[in-house]
Amino acid sequence: MRKRLKSRAATLLATSALLVGSSVTLGASNAAAATWTFEREDRGGGSFAIVAYYNGTYAGLMGWNGDPVAGQEPGDAFRVLDRLSDGHAMEAKMINPVTGRVATTRGHSAVYFSPWSTGDLTEGTKVYIQLCAVKGDYSSCSPAHSGHA
């Protein structure tokens with residue numbers, strides 16, 4: 001009887017140690033996970049950018065132009081830039097108005113600007129665009145930011 005009790009105590013102790021070790025390991029991996037942060041830059045005239053940072057390093061951006069820029073850049077348009085060779089791509093989606101417009105760097109090596117995602121909008125139309133860092137099925141996204149056409 002006493003031998004069986006010692007065996008159970010040893011099993012309980014080993015199981016407890018395994019669980020504690022697993023939780024410490026899982027906690028460490030979550031704490032060490034990479035983090036994405038996003039900031040908005042106002043560019044005036046309804047134009048704005050969402051800037052992405054990967055562990056504090058400038059990783060890319062989405063730029064929205066409400067109006068054309070001196071014949072060099074179209075108005076009512078956005079594109080994304082991927083600056084890091086980290087396996088992630090930058091992808092932006094127009095959330096509202098619902099147009100299905102997307103700009104992405106998927107499938108391209110950094111440093112890469114996507115083509116402009118364009119389409120005519122009524123002057124003054126409020127737009128909401130979201131920037132995401134994507135890799136396969138993974139995505140880390142900014143809140144949707146607004147500007148206007």
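User: Which strand holds Tyr-138 in this predicted model?

Analyst: Happy to start there. The model is a prediction, and in it Tyr-138 belongs to a strand covering residues 138–141. That strand is E10.

User: Is Tyr-138 buried, partly exposed or exposed?

Analyst: Its relative accessible area comes to 38%. Buried means under 20% and exposed means over 50%. Because 38% lies in between, Tyr-138 is partly exposed.

User: Which residues does Tyr-138 touch, leaving aside those up to four places away in sequence?

Analyst: One of them is His-88. Tyr-138 and His-88 are 50 residues apart in sequence, with their C-alpha atoms 9.2 Å apart in space. With that partner included, Tyr-138 touches Trp-36, His-88 and Ala-133.

User: Is Ser-117 buried or exposed?

Analyst: Let's look at strand E8, residues 117–118, where Ser-117 is found. Among the residues that Ser-117 touches are Asp-76, Phe-78 and Arg-101. Its relative accessibility is 8%, and the cut-off for buried is under 20%, so Ser-117 is buried.

User: What is the bridge partner of Thr-37 in E2?

Analyst: Strand E1, residues 36–44, pairs with E2 in the antiparallel sense over 8 bridges. The E2 residue in question also stands opposite Tyr-58 in E3. The partner of Thr-37 is Tyr-53.

Conventions:
Residues are numbered from 1 along each chain as its sequence is written. This is a predicted model: local features need pLDDT of at least 70, side-chain atom pairs count only at pLDDT 80 or more; totals for chains, interfaces and linings use all residues. Side-chain values use heavy atoms; hydrogens and water are left out. Helices (H or I, at least four residues) and strands (E, at least two) are DSSP runs, numbered from the N terminus. Buried means under 20% relative accessible area, exposed over 50%, partly exposed in between (1.4 Å probe, protein chains only). Contact means heavy atoms within 4.5 Å. Two strands pair if DSSP finds at least two bridges between them.
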